[in-house]
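Please look at the sequence and the structure below before reading on, and keep both in view while you follow the text.

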Amino acid sequence: MSGYALQMKRITKAFPGVKALDDVTLSVKKGEIHALCGENGAGKSTLMKILSGVYPAGSFDGEILIDGKEVSFRDIRGSQDAGVAIIYQELALVPEMTVGENIFLSSDLMREKVLNWNKLYVEAKRWLDQIGLDIDPQRKLGELTVGKQQLIEIVKALTKNAEILILDEPTAALTESEVKILMGILKDLQSKGVTCIYISHKLGEVMALADSVTVLRDGRTIDTLNASEITEDTIVSKMVGRSLTDYFPYEAHEIGEETLNVHNYSFYHTSADEKVAHNVSFTLRKGEILGVSGLMGAGRSELFISLFGGYPGKKSGEVTIDGKPANIKKPSDAIRAGLAYVSEDRKRYGLILGMEITKNATLAALQHVMPKGLIDSSLELKSAEAITSKLNLKAHSLEAKVDQLSGGNQQKVVLSKWLFTDPKILILDEPTRGIDVGAKTEIYKIINELSQQGVGIIMISSELPEVLGMSDRILVMADGTISGELSREEATEESVMKLATRRRDNHEPAFK
Amino acid sequence: MSRPLNDQPLQKKLKFKFNAQSYALIIALILIVLIFGILTGGEFLSSRNLSNLFAQMTVIAVLAIGMTLVIVAGHIDLSVGSLAGLTGGIAAILQVWFGWGTIWVVLAAVAAGALLGLWQGWWVAYRAVPAFIVTLGGMLIFRGILIGISQGQTVAPLNDGFKAIANSHMPYSIGYILAIAGAGLLFFSAWRNQHKRQQLGLVTDNPVKIYGKLLVYSLLILLLTYMLNRYNGIPVPLLIVIFSGGLFIFISNKTSFGRYIYAIGGNEEAAALSGINIKRHTLSVFVLMGALAGVAGVILTSRLNAASVSAGEMYELDAIAACVIGGTSLMGGRGNVVGAIIGALIMASIDNGMSMMNIETFWQSIVKGLILIVAVWIDISSKKQSSAA
């Protein structure tokens with residue numbers, strides 16, 4: 001069976017109580033880019049951990065063949081020696097070290113008793129040039145953008161003579177132009193004979209890159225599609241076991257009078273005198289779903305965190321809520337004024353992970369469960385129960401700690417917290433990031449229900465289909481300002497992207 | 001595994017599932033008490049010794065109560081030993097040199113503690129200097145001030161009224177009345193809680209379990225009162241510990257301030273975006289800690305009937321150890337006052353039991369150090385197990 005760089009046959013892996021993988025087969029041809037798709041929890045990561053030796057031979061059933069020969073890895077080192085390199089979503093780099101040091105961190109060059117710095121940096125430069133990256137190897141890694149750091153991680157893998165490169169959600173943090181660079185590099189590597197396994201939720205990239213696609217669902221291989229069979233619809237329907245039509249349950253709803261008016265709003269960096277956003281003006285009406293689109297770094301999250309009072313730099317401009325001027329200096333002012341902000345990073349900004357669901361749910365409006373000035377724990381439990389059951393939150397007990405929940409349920413806890421404050425205006429920043437399709441649909445339903453109740457909703461999202469599918473009106477941001485506004489009818493992927501890439505002249509491109 | 005919440009029965013079944021983790025501390029305490037009881041031929045458990053033991057633990061226990069909140073908030077306070085020494089010294093100086101009355105002296109000591117706590121809290125909260133540094137500085141500064149204002153002398157003796165704070169006991173009858181009142185309060189609050197949960201249609205615990213547990217606690221309280229009454233009665237400093245402990249349990253469970261401290265320690269950024277004023281609450285934690293150090297200083301000076309320049313040295317470490325043994329996480333966000341008090345009791349038992357056995361004092365440090373490490377190890381490994389399952 002030549003022609004296959006990698007074959008994983010009848011892989012079964014069980015954890016106590018759960019079968020994570022059940023008879024999974026994955027065959028990757030030499031020199032192809034093979035995409036691996038599936039919902040969260042479908043078993044992609046487990047499969048890759050088996051391939052990279054995180055789960056050693058013997059802890060699972062089935063066999064792995066590389067170039068037709070059976071292999072068994074005892075640890076990560078074993079898989080590396082066989083030419084398998086994996087790049088995880090969370091980068092395994094040291095920000096305080098230079099680019100060159102990072103590239104050779106685990107190589108023999110860094111193991112010598114006396115380091116030969118010149119040799120190290122010359123070598124590093126050679127590798128960087130080879131894939132067309134113009135980065136000084138003596139720069140500190142932490143000074144680079146996340147996108148460039150990701151590319152450094154790839155260079156690092158290549159120095160280890162990787163023949164099979166596994167990328168786990170590599171573009172989650174990249175800008176559009178960085179994605180293009182990455183794709184170029186992958187195509188280039190492909191022509192040099194490197195085989196690549198590409199794990200991604202972003203079907204657009206999969207369509208553009210992949211020679212074949214394997215879809216996993218619930219720990220089983222559903223199908224492997226080759227180039228001619230790949231369409232977004234087939235992939236999605238195989239992933240979820242149903243078709244795309246009920247993906248965005250937009251419902252027409254009544255839109256009321258204006259509730260939020262932001263006029264000429266600007267704010268500055270904490271340290272520098274540079275504006276993060278300048279002269280932003282927009283309005284939001286009751287019951288309206290306002291989508292906010294834009295590329296990474298356009299200042300979307302910063303703008304709304306600043307409006308919410310969570311950004312420390314100075315600011316100017318007028319904000320009125322329901323006709324009254326709102327002077328928001330800190331988040332508690334914003335909450336009192338009826339704003340709620342659901343962060344894109346729920347673990348960092350949304351949740352107290354070690355705290356119970358109940359206590360997280362009531363945290364932003366604790367006064368609602370303090371009828372006599374003291375916390376009434378029965379009332380608190382009752383209130384939390386009422387609000388979380390409305391969101392269909394699944395947990396064995398509301399007194400469970402939040403860190404035991406899945407991503408989708410955690411997001412529902414954050415939503416519960418903010419709904420408990422009875423917001424007039426709900427700002428959702430990437431509300432469906434990193435959660436599975438089922439939970440996504442539920443969150444869209446909640447958004448619809450809230451808008452029907454007259455809550456004004458601002459939905460920041462990097463996923464164009466989501467913005468297009470859910471919004472009544474779309475604001476597009478570029479370079480710290482609003483570059484355009486589109487109605488539901490006029491918005492298309494093209495019209496949004498056109499506005500999103502409109503830049504100020506002095507802006508330097510992300511890459512050479 | 002997961003099911004809709006409203007399908008659950010309204011009353012939990014009576015299950016005697018033994019949760020070793022939540023009782024580990026009490027088991028450890030019982031083991032230590034039993035071991036010393038056997039090794040000292042029962043002398044450790046005598047009324048007289050129990051009375052001594054509780055009197056000995058009070059200073060560390062009071063400090064540990066405040067330290068729990070500091071650590072839960074994600075900070076540390078290394079200055080409390082020096083601060084207790086300094087406030088105790090201020091109390092002694094005001095009384096011995098300036099002739100102030102006992103009540104005014106106590107108020108002054110507590111106020112001084114709170115004020116110095118405010119100073120440290122300001123640096124931590126509003127100037128963003130790490131608490132480790134601020135309170136390490138405080139540890140040196142307060143000790144220096146103490147040596148300066150006392151001119152290096154031991155200040156003694158104090159009035160009878162002041163001495164009584166740490167050295168007197170409750171009359172027997174009042175002791176029993178307090179014990180019965182305390183037990184009654186436990187039952188009443190449990191009953192009220194059950195009643196309210198029923199009214200709201202929430203899941204209630206099985207009454208046999210709740211009231212059975214309370215019955216055991218009540219019997220223990222009565223037994224302890226009986227034992228202490230066989231000697232001199234309940235020591236007043238023990239009542240101070242119980243009162244401060246009760247107050248701080250109340251603060252951490254029932255007030256928004258307490259809840260916010262746990263939230264801040266658990267995830268400061270998320271807490272800030274939830275509208276919590278991080279700085280003000282952090283400042284308050286240090287003020288409370290300072291005030292408690294003042295209380296501890298008063299007890300310390302009263303017990304010794306003197307204030308010396310070395311009073312309270314190394315107490316900060318005992319207090320931190322008591323918190324940690326009691327299950328408070330140095331990462332912040334997790335911990336409780338009851339655990340800290342039991343931790344203080346464990347530490348005091350080791351000191352007391354080993355000195356009764358005439359073991360040389362250096363062994364006390366060694367054993368306490370080992371227990372600290374093992375306690376944290378048990379905590380960490382039990383958490384790993386539960387997250388792996």
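The paragraphs below go from the contact between the chains to the cores, the domains and some details of the backbone.

The model is predicted, and local features are therefore described only at pLDDT of at least 70 and side-chain atom pairs only at pLDDT 80 or more, while totals for chains, interfaces and linings use all residues. Residues are numbered from 1 along each chain as its sequence is written, and chains are lettered from A and ligands numbered from 1 in the order in which they are written.

Two residues are said to be in contact if their C-beta atoms, placed from the backbone, lie within 7 Å, and the contact takes 32 residues from chain A and 28 residues from chain B. On the side of chain A that touches chain B, the elements giving two or more residues are α10 (331-336), α11 (346-350) and α13 (377-390) of chain A; such elements are DSSP runs numbered from the N terminus, with helices being H or I of at least four residues and strands being E of at least two. The most comes from α13(A), which gives six residues to this side. Sorted by class, this side of chain A has 19 nonpolar, eight polar and five charged residues, where Ala, Val, Leu, Ile, Met, Phe, Trp, Tyr, Cys and Pro count as nonpolar, Asp, Glu, Lys and Arg as charged, and the others, Gly among them, as polar.

The next topic is what lies inside. A residue is buried if 20 or more other C-beta atoms lie within 10 Å of its own, exposed if 12 or fewer do, and partly exposed in between, with C-beta atoms placed from the backbone. A nonpolar core is a set of buried Ala, Val, Leu, Ile, Met, Phe, Trp, Tyr and Cys residues joined through C-beta atoms within 7 Å. The largest such core has 179 residues, and those that touch the most other members are I427(A), I60(B), L63(B), A64(B), M67(B) and A344(B). Helix α2 (residues 47-72) of chain B gives the most to this core, with 16 residues. Leaving aside neighbours within four places in sequence, L63(B) is in contact with residues including V80(B), L292(B) and Y315(B).

Chain B can also be read by domains, whose bounds come from an automatic or database domain assignment: domain 1 (42-168 + 236-379) and domain 2 (169-234). Their centres, taken over C-alpha atoms, are separated by 27 Å, and the contact between them takes eight residues from each of the two domains. On the side of domain 1 that touches domain 2, the elements giving two or more residues are α2 and α9 (236-254) of chain B, and the largest share, four residues, comes from α2(B).

Some local details remain. Helix α1 (residues 44-51) of chain A is mostly covered, with six of its eight residues buried, among them K44(A) and L47(A). In the loop between α5 (131-149) and α6 (160-167) of chain B we find P157(B), which is joined to A156(B) by a cis peptide bond with omega about -10°. Q151(B) is found in the loop between α5 and α6 of chain B; its phi is near 50°, a positive value in a residue other than glycine. Most residues other than glycine have a negative phi, and most peptide bonds are trans. Q151(B) counts as exposed because it has 9 C-beta neighbours inside 10 Å.
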